[in-house]
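Below is a short briefing on one protein chain. Please look at the structure first, then read the notes by topic.

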Amino acid sequence: MAQKKSVDEIWKELNARPAPRMAAAGGIPNLPGISSITRTVPKASAPAQVQVEEEALSASREAARKAAAAYDPAKAGIAVDDLTSYVASMQRTINCLADPDRSTRRQAAVTLQTKIMQGDAATPAANASMLQALVCGPLLVPLVNMMQDVVEKCRVIAVELLLHAARTITDLSPLLPVLVPELLKRMGHLPVVEPA
């Protein structure tokens, strides 16, 4: 049988032991394994499905640029000079759609919508053939980019312009290869990315 120890002997043994080890990376004393440091978990790599979709979207953006550059306005019954002069009358507005300032982009989107749908002193409203040449040509890339804007008003105007064009123009086939992947990105997953 073990001898009973006196309180003084137990006290000497406790004081003679080394101090308890702290948990790795600055733990709390006397509580082994508990740390006061917050551990950050590295982000898991994106699932293969998401990576494939992102690659497809970047390919669709490149396809949009190529389609806009390759679209022949003669298919819509518009002369190249007429389209060039119409775009030149609102080129500053189109350039402002890519401005880093949110309010500038929003104002440019509103102005573009007004010029195309209602017209103004410098730019008449676009008729069906001009709208076909605009939406399938020089405005295709800015409209696709507007659908990704952080400003909800810009996204709404982009969709309104595309809906107006869909109701007005006769040939939607140049738009579909570019718009369908973008719409899939915004509304094809749960939870839906687009709150509006």
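Met147, Val159, Leu162, Leu163, Ala165, Ala166, Leu172, Leu175, Leu176, Leu179, Val180 and Leu183 line the largest pocket of this chain. A pocket is found on a 1 Å grid over the protein atoms alone: it is an open set of points where a 1.4 Å probe fits, with protein on both sides within 12 Å along at least five of seven lines, and lining residues have an atom within 4 Å of a point. The model is predicted, so local features need pLDDT of at least 70 and side-chain atom pairs count only at pLDDT 80 or more, while totals for chains, interfaces and linings use all residues. Residues are numbered from 1 along each chain as its sequence is written, and side-chain values use heavy atoms, with hydrogens and water left out.

**Overall make-up**

- The chain has nine helices and zero strands, where helices (H or I, at least four residues) and strands (E, at least two) are DSSP runs numbered from the N terminus.
- Of the 196 residues in the chain, 32% are buried; buried means under 20% relative accessible area, exposed means over 50%, and partly exposed is in between (1.4 Å probe, protein chains only).
- Helix 6 (residues 128-136) is largely enclosed by the rest of the structure, because seven of its nine residues are buried.
- The buried residues of helix 6 are Met130, Leu131, Gln132, Ala133, Leu134, Val135 and Cys136.

**The largest pocket**

- The largest pocket holds about 220 Å³ of space, a volume being the space filled by probe spheres set on the grid points, which are joined across faces, edges and corners.
- Helix 8 (152-168) and helix 9 (176-187) each supply at least two residues of the lining of the largest pocket.
- Helix 8 gives the most to this lining, with five residues.
- By class, the lining of the largest pocket has twelve nonpolar, no polar and no charged residues.
- In this classing, Ala, Val, Leu, Ile, Met, Phe, Trp, Tyr, Cys and Pro count as nonpolar, Asp, Glu, Lys and Arg as charged, and the others, Gly among them, as polar.
- Valine 156 also lies in helix 8 and is partly exposed, with a relative accessible area of 30%.
- Valine 156 and alanine 109 are 47 residues apart in sequence and 9.5 Å apart in space, C-alpha to C-alpha.

**The second largest pocket**

- About 170 Å³ of space lies in the second largest pocket.
- Its lining is made up of Ile94, Leu97, Ala98, Asp99, Arg105, Pro142, Asn145, Met146 and Asp149.
- Helix 7 (residues 140-146) provides the largest share of this lining, three residues.
- The lining of the second largest pocket has five nonpolar, one polar and three charged residues.
- Leucine 97 sits in the loop between helix 4 (91-96) and helix 5 (102-117) and counts as buried, at 10% relative accessibility.
- Leucine 97 and aspartate 149 are 52 residues apart in sequence, and their C-alpha atoms are 9.6 Å apart in space.

**Salt bridges**

- The chain has three salt bridges, each being a side-chain nitrogen of Lys or Arg within 4 Å of a carboxyl oxygen of Asp or Glu.
- Arginine 105 and aspartate 149 meet in a salt bridge through their side chains (2.7 Å, N to O).
- This pair links distant parts of the chain, 44 residues apart, with arginine 105 in helix 5 and aspartate 149 in the loop between helix 7 and helix 8.
- Both arginine 105 and aspartate 149 are buried.
- Glutamate 13 forms a salt bridge with lysine 5, with the closest N and O atoms 2.6 Å apart.
- Glutamate 13 is partly exposed, at a relative accessible area of 35%, and lysine 5 is partly exposed, at 47%.
- Lysine 115 forms a salt bridge with aspartate 120, with the closest N and O atoms 3.9 Å apart.
- Lysine 115 is buried, with a relative accessible area of 9%, whereas aspartate 120 is partly exposed, at 37%.

**A nonpolar surface patch**

- Ile10, Trp11 and Leu14 form a nonpolar patch on the surface, and together they have about 330 Å² of accessible area.
- Patches are made of residues with over 30% relative accessible area and no salt bridge: like charges are joined within 9 Å, and nonpolar side chains (Val, Leu, Ile, Met, Phe, Trp, Tyr) within 5 Å.
- Accessible areas come from the Shrake-Rupley method with a 1.4 Å probe, and for residues only the protein chains shown count as cover.
- Isoleucine 10 is found in helix 1 (residues 7-16) and is partly exposed, with a relative accessible area of 41%.
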